[in-house]
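Thanks for coming. I will go through one model today, starting with the charged pairs and ending with the core.

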Amino acid sequence: MSVQSVQTLVSTQSTQSTQSTQSTQSTQGRGVVTGDSNPLLSAALATSHDGVVATEALDFDNIGLRSDRLKQAEDRLTGLLGSDDAQLPRLPDTPYFLQAVVAGLIQSTRIELGDKQASLHARVISKAGPLSDGFAGDPFVKMTCPGIDDFAEQVPYIQSYADLRDERLPEIIVQMGDILSFFAVGDLLDTERTPYTLKVLDAAAGYAGGIIQRIKLSFDGPRPVQFSPRVEPIIATPTHGTLPSGHATEAFLIASLLTLLRGGDPARAAADMQQRFRLAARIAVNRTVAGVHYPVDSAAGAVLGIGLAEHLAATAGASVAPVGNWAFDGTAWNNRDFHHGIVADLIDAAETEGATSVVRSKDTSERATDDLWSRLWKKAASEHLPEGG
């Protein structure tokens with residue numbers, strides 16, 4: 001698609017839908033989710049499909065199995081939005097409900113910021129009772145910021161990815177204000193089918209957004225264009241620091257939460273390069289194509305997104321995948337690129353002896369659950385069939 005064609009499509013969008021950088025916190029711009037027509041989103045989904053799904057053959061045996069499972073689940077899914085809201089104060093369709101959920105999630109985490117390091121600690125159950133709940137000694141996510149030379153070594157990647165700008169421009173523009181629609185087309189997310197899932201994603205984004213910005217402001221990593229004007233980004237460079245990438249964090253958070261809501265293991269799914277995680281990686285890479293992020297920013301965001309999702313599932317009391325303590329060391333990144341294949345390699349190696357840039361150890365602490373979040377999570381999980389079904 002030519003730049004001129006994209007510019008014509010851009011004119012059909014409102015300014016409001018492209019200015020927000022936290023797409024899941026508002027329904028603005030969610031073309032697929034809300035059922036609105038958006039020609040730029042359609043163009044972006046077309047190029048994204050080519051990059052994520054490509055020419056893979058569909059497994060019709062599996063599709064037949066899924067069809068049978070859907071028929072079996074018809075009674076369970078019918079009436080979900082009817083009288084089954086007794087556990088929640090009312091259908092969570094107001095900002096006040098969302099604020100209440102986010103407030104509880106914020107209390108589940110303590111952030112420690114130091115010399116180019118950030119640690120996230122989870123509230124755990126204390127033997128003295130709920131009011132004595134404290135925070136675990138080991139962080140469930142620990143991040144070390146790259147040095148200035150580490151960032152400088154990554155600048156050539158931005159130049160090499162610039163060749164993809166014409167192809168990726170629809171995706172880049174839409175993803176400035178709407179990441180969720182790219183996941184929605186594959187996971188059938190909309191306000192009628194999955195209202196509780198959308199609220200889970202909204203609350204998770206509200207919770208994660210503050211954590212992302214605290215780390216960014218503490219690390220204050222330089223943006224690519226600060227090394228050379230020849231980077232010439234094709235969108236405005238955000239004024240806050242570069243690492244971790246907020247888009248990468250949000251994309252991997254969404255992919256992980258959707259996997260967890262279906263009883264899956266996001267770390268295993270990412271290592272197996274499942275479609276949601278290939279999509280998350282592509283969204284992250286698009287920020288490098290645009291000229292505003294390094295590959296190492298995306299890697300940090302991927303680790304943070306998966307780690308936050310596992311923590312949120314544990315805080316909901318969900319009996320899902322084991323929770324890990326994640327560590328990302330940007331000084332050990334060794335000037336690598338970032339794409340879904342590298343994500344798979346990193347996660348496969350993260351639990352082995354000698355892992356450096358990404359390490360995952362087992363978290364044996366018992367999370368203190370948040371009651372409102374837990375009830376919302378259960379409602380969201382009931383909107384989906386188990387992974388693989």
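Predicted model: local features only at pLDDT ≥ 70, side-chain atom pairs only at ≥ 80, totals over all residues.

**Charged pairs, loops and core**

Residues are numbered from 1 along each chain as its sequence is written, and side-chain values use heavy atoms, with hydrogens and water left out.

Back to the arginine. Arg-268 forms a salt bridge with Asp-272, 3.2 Å from N to O; the term means a side-chain nitrogen of Lys or Arg within 4 Å of a carboxyl oxygen of Asp or Glu. Asp-272 is partly exposed too, at 44%.

Which residue does Arg-360 meet in a salt bridge? The partner is Glu-310, at 2.7 Å from N to O. This pair links distant parts of the chain, 50 residues apart: Arg-360 is in strand 6 (residues 358–362) and Glu-310 in helix 15 (residues 295–315). Helices (H or I, at least four residues) and strands (E, at least two) are DSSP runs, numbered from the N terminus. Arg-360 counts as buried at 10% relative accessibility, and Glu-310 is buried at 2%.

Salt bridges with shared partners also join Glu-167, Arg-168, Glu-171 and Arg-282 into one network. The count by this rule is 13 salt bridges.

Next, the backbone. Leu-243 and Pro-244 are joined by a cis peptide bond, with omega about 0°. Pro-244 sits in the loop between helix 11 and helix 12 (246–261). Glu-232 lies in the loop between those helices as well, and has a positive phi of about 40° although it is not a glycine. Glu-232 is exposed, at 59%.

Last, the core. A nonpolar core is a set of buried Ala, Val, Leu, Ile, Met, Phe, Trp, Tyr and Cys residues joined through side-chain atoms within 4.5 Å. The largest one has 101 residues, and among the members that touch the most others are Phe-252, Phe-338 and Trp-373. Helix 11 (residues 195–219) gives this core its largest share, 12 residues. Beyond its neighbours within four places in sequence, Phe-252 is in contact (heavy atoms within 4.5 Å) with residues including Phe-277, Ile-306, Phe-338 and Val-343.

Definitions and conventions
Buried < 20%, exposed > 50% of the residue type's maximum accessible area, 1.4 Å probe, protein only.
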